Amino acid sequence: MSVASPARAEARSFSRRLWAALVVLVGLATALAVWLARAQLLAAETQSARLRFATESAAASALRAARAAELQHHLDRLATRPRLHAALEDDALDLLYPVALDELRDFFLPRGAAPTGGFHRFLDAAGHEIPPAGVPCGELPAGFAAELTAFRPTDRALWRLWIDPRDPDRAWEITAAPFFSHEDRRRLGALLIGAPLAAGDAVAYWSADRLHAPALPPAARADLVAALRRTPPVANEVRALDLAGVSQLLAFQPAAADAAAWEIRLAPLAPLQARQAALTRRIVAVGALVGLAGVLASGWISARFAVRFGRVAQRHDAQRRRRERVESRLEITQEERDRAARFAADASHQLKTPVAILRAGLDEFGAAADFPREREAELADLVRQTERLGHIVDDLLLLARLDAGLVPAIAAPVDLDDLLDRALDDASACPGAEQLVFARQGLHGARALGDARHYALALQSLLENAVKYSRPATTVHVSVLDGGETWIVCVDNVSAAPVPAELRERIFERFHRGPSAGSAAGYGLGLSLARLLARLHGGEVRLAGSDATRTRFELTLRKA
């Protein structure tokens with residue numbers, strides 16, 4: 001008893017000290033985890049809301065700019081109407097507005113562009129109003145007549161946003177198109193079109209130190225005016241402001257073609273703050289439960305650990321160290337793989353937008369009336385390179401999703417006859433395919449199990465590879481063989497340079513192109529993508545053989 005009692009007392013003392021240390025450690029770790037999780041989630045939520053709001057604002061502003069540009073284009077065309085020119089050039093001003101009323105009715109009403117409550121006026125070459133002489137053409141806003149000279153005829157159409165200085169709740173979109181003499185190209189005058197500006201509940205406009213925001217309360221307007229005077233708007237900027245005690249998110253975009261006018265979109269931050277508060281409460285509740293569970297678990301662990309520590313510590317120490325080293329290496333490998341997959345996916349997503357913009361710009365250049373026809377070949381080559389870059393981005397994105405396990409394996413029956421017919425038809429359109437013959441052999445009526453889109457991509461990669469590396473005036477054979485529990489789709493071609501035995505696995509590595517690639521088009525992703533897609537559905541892609549007479553790739557598919 002005298003020997004056992006001190007041992008038991010020491011064990012109990014060690015257990016209490018260990019439990020206290022574990023409780024403190026679990027509490028600190030839980031508090032830190034809760035704080036980090038809350039900060040990260042709140043930052044992500046805020047950034048997502050800002051990005052979504054900025055994107056919606058930019059899209060709405062671009063739509064308004066497009067409408068303003070279309071109206072200017074229509075006015076430019078209207079300014080070429082011979083009847084209006086005749087009235088201006090012959091000084092028959094008493095006929096100007098009747099003729100214009102006819103032309104405007106024919107020109108605008110079919111398109112639904114005639115503004116309700118709007119007006120139109122003609123200006124002479126000095127920018128002075130030509131009186132309408134009783135013809136109905138809308139009322140000029142009070143105070144606007146003094147600013148007509150700002151729209152004196154220029155060499156191009158003008159668009160302006162005009163906010164009534166005496167009543168900021170009223171605003172107009174003003175568009176002016178110049179008239180030129182057919183004889184000496186001198187400016188005869190201008191046609192002015194004004195339409196009331198329709199601002200929604202979440203839209204305001206800022207121009208000439210005036211704010212048009214009819215949906216905002218007076219106190220909020222005063223706060224917004226003061227903020228805009230302190231810090232002028234910046235394109236594509238998103239700000240958070242308190243307007244009359246209400247937190248708002250504001251996005252700024254130039255208002256169409258008027259560089260001095262700004263469109264401001266507003267969104268209350270209260271919903272976002274409510275979501276963040278609810279998220280904080282949930283995180284704290286989960287953290288409290290985790291902390292409580294950690295405290296209880298610490299008591300149990302410390303008691304058990306104190307009893308067994310002496311007997312098992314030495315025996316398991318070496319094993320623990322080995323296990324930790326192995327797990328550390330596995331974690332590093334997994335983290336590197338995940339990091340590479342995230343990087344490829346993020347890079348592919350970020351590249352899609354500039355590639356699309358580049359392609360749209362090239363199409364616009366080619367469609368322009370003044371584009372030199374002798375440079376069409378250069379433009380076509382740029383379009384092809386853009387399409388190639390788009391394919392690279394798509395393949396990288398698919399590879400990244402495959403690496404991350406985000407592509408589901410669909411098990412559905414696939415008609416191989418239809419799949420091969422489509423693939424051969426597509427392959428015959430590839431560059432260089434006109435020098436080859438495509439032959440379909442083997443079994444018919446086979447049905448595989450998997451995803452038809454993925455099998456089509458894998459087969460397309462194998463056929464494109466055959467087209468690139470076949471000798472001219474040879475035949476590419478595609479056949480289906482019975483492999484027992486699988487179907488084997490074989491693609492045979494006569495290669496200009498057979499694949500050496502030591503490279504038969506390396507050709508499936510990403511971005512690897514063998515020494516026989518030469519100037520053949522491609523970027524070394526097709527075979528790697530084909531193998532990953534086949535393996536996703538329980539199949540395989542391999543190089544069955546390559547010599548001077550034949551190179552064979554085999555695509556193994558599960559039977560339906």
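Patches are made of residues with over 30% relative accessible area and no salt bridge, with like charges joined within 9 Å and nonpolar side chains (Val, Leu, Ile, Met, Phe, Trp, Tyr) within 5 Å. The model is predicted, so that local features need pLDDT of at least 70 and side-chain atom pairs count only at pLDDT 80 or more, while totals for chains, interfaces and linings use all residues. Residues are numbered from 1 along each chain as its sequence is written, and side-chain values use heavy atoms, without hydrogens and water.

**Exercise 1.** Determine which residues make the nonpolar surface patch of about 350 Å².

*Solution.* The patch is made by L32, W35 and L36. Of these, L32 has its place in helix α1, residues 4–78, where helices are DSSP runs (H or I, at least four residues) and strands are runs of E (at least two), numbered from the N terminus.

**Exercise 2.** Classify the pair formed by the rings of F122 and F179.

*Solution.* Rings of Phe, Tyr and Trp (its six-membered ring) pair if their centres lie within 6.5 Å, with planes under 30 degrees apart counted as stacked, over 60 as edge-to-face and the rest as tilted. A search of the whole structure finds 6 aromatic pairs. For F122 and F179 the centres are 6.0 Å apart and the planes stand at 55°, so this pair is tilted. Because F122 lies in strand β1 (residues 119–124) and F179 in strand β4 (residues 171–180), the pair ties together parts that are 57 residues apart in sequence. Both F122 and F179 are buried, that is, under 20% relative accessible area, whereas exposed means over 50% and partly exposed in between (1.4 Å probe, protein chains only).

Key:
Areas by Shrake-Rupley, 256 points an atom, 1.4 Å probe, with all protein chains shown as cover. Salt bridge = Lys/Arg side-chain N within 4 Å of Asp/Glu carboxyl O.
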